[in-house]
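Keep the sequence and the 3D view open, and try each task before you read its solution.

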Amino acid sequence: MIDGHFVVDAHVHTPRLPTLKPAWLQWAHDFAGAYPWRSVYSDSGEVVPSAMDELMESEGVDRVLLFCEYSPRATGIQPIEDNLPLVAFNPERFRLVANVNPYVHHPAAAEVARQLDLGAVALKIHPVHGAFSPADKELYPVYQLCLERGVPVILHSGTSSFPGSRTSFGNPELLSDVVEDFPALQFVFAHGGRGWWYDVAAFLALARENVWLDLAGLPPKKLPEYYQRFDLTRLAGKFVFGTDWPGVPSVAANVRTLAGLGLPEDVLSGVLSGNAIKLMPSLA
């Protein structure tokens with residue numbers, strides 16, 4: 001816990017370093033600064049589960065959602081199996097998030113089912129790094145499967161700096177039909193429309209009960225500026241806390257900055273963990 005708050009970091013990357021392209025390592029270096037994220041890695045580039053668990057404990061993070069990624073265009077392939085040792089070490093703190101790329105997996109729904117069977121509590125789709133539309137009808141069986149399994153779909157929304165990315169596929173508006181076609185399926189727009197789509201993402205979150213915004217990669221002090229056209233307290237009712245670890249100077253510092261925005265206590269608790277638990281009840 002951090003200052004009495006139960007905390008879920010719903011957006012964390014713990015890849016094996018040899019699977020990554022150089023741009024990812026540069027991104028982590030640039031955004032983490034002096035944060036000791038490399039301390040959880042062995043000399044050969046594997047995450048040491050005990051070290052990662054200790055770091056999250058020291059930060060006060062109670063639950064951590066671990067992302068994998070199959071994006072050979074942009075970051076490389078970081079299979080879900082690489083995160084299994086973390087979950088095995090502390091299944092209470094660490095949880096898996098599945099990932100699928102229709103250019104890598106066919107049929108995509110079969111691969112999602114395989115990863116969900118490994119224990120994933122959500123699915124992440126990265127249209128920007130994969131260069132595909134999240135509204136492609138080939139993904140509809142994936143969305144139907146997630147609906148049937150009761151797991152939310154997290155989608156990258158907004159820009160990305162990695163070579164090979166296709167930013168146009170990060171437009172949240174691409175999901176406008178999908179969220180209507182699957183009204184009972186929960187969608188989380190990772191990065192909240194980062195770049196020039198904050199308004200689109202926020203409008204969809206307020207207009208649709210099944211749309212949420214994750215705050216990964218967004219400096220909390222900037223949220224009033226990014227969403228200046230909206231009532232921040234009302235919009236925060238749809239926020240899910242995440243950091244994009246390791247690209248963050250400090251998880252605890254982000255939590256405390258959020259707490260300093262003046263949100264009502266019940267809204268802040270929802271941002272830090274309550275909304276994530278609504279979407280993924282097993283996190284409780």
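**Exercise 1.** Is Asp-199 buried, exposed or partly exposed?

*Solution.* Start with the ground rules. This is a predicted model, where local features need pLDDT of at least 70 and side-chain atom pairs count only at pLDDT 80 or more, while totals for chains, interfaces and linings use all residues. Residues are numbered from 1 along each chain as its sequence is written, and side-chain values use heavy atoms, leaving out hydrogens and water.

Next, recall the cut-offs: buried means under 20% relative accessible area, exposed over 50%, and partly exposed in between (1.4 Å probe, protein chains only). With a relative accessible area of 28%, Asp-199 is partly exposed.

**Exercise 2.** Find the salt-bridge partner of Asp-199 and say which parts the pair ties together.

*Solution.* A salt bridge is a side-chain nitrogen of Lys or Arg within 4 Å of a carboxyl oxygen of Asp or Glu. The partner is Arg-229, at 2.7 Å from N to O. Asp-199 sits in helix H8 (residues 198–207) and Arg-229 in the loop between helix H9 (223–226) and helix H10 (232–236), so the pair ties together parts 30 residues apart in sequence. Helices (H or I, at least four residues) and strands (E, at least two) are DSSP runs, numbered from the N terminus. Arg-229 itself is exposed, at 68%.

**Exercise 3.** Describe the salt bridge between Arg-114 and Glu-111.

*Solution.* First, the distance: the two side chains meet at 2.8 Å, N to O. Second, the spacing: they are three residues apart in helix H4, which means a separation of about one helical turn.

**Exercise 4.** Work out the strand order of the open sheet and name its edges.

*Solution.* Two strands pair if DSSP finds at least two bridges between them. Eight strands, paired in parallel, follow the order E1-E2-E5-E6-E7-E8-E9-E10. At the edges are strand E1 (8–13) and strand E10 (239–240), each pairing on one side only. Now look inside the sheet: two bridges join E5 to the parallel strand E6 (residues 123–125), and Asn-99 stands opposite Lys-124 in E6.

**Exercise 5.** Where does Tyr-103 lie, and is this residue buried or exposed?

*Solution.* Locate the loop between strand E5 (94–99) and helix H4 (108–117); Tyr-103 lies there. Then check the area: at 63%, Tyr-103 is exposed.
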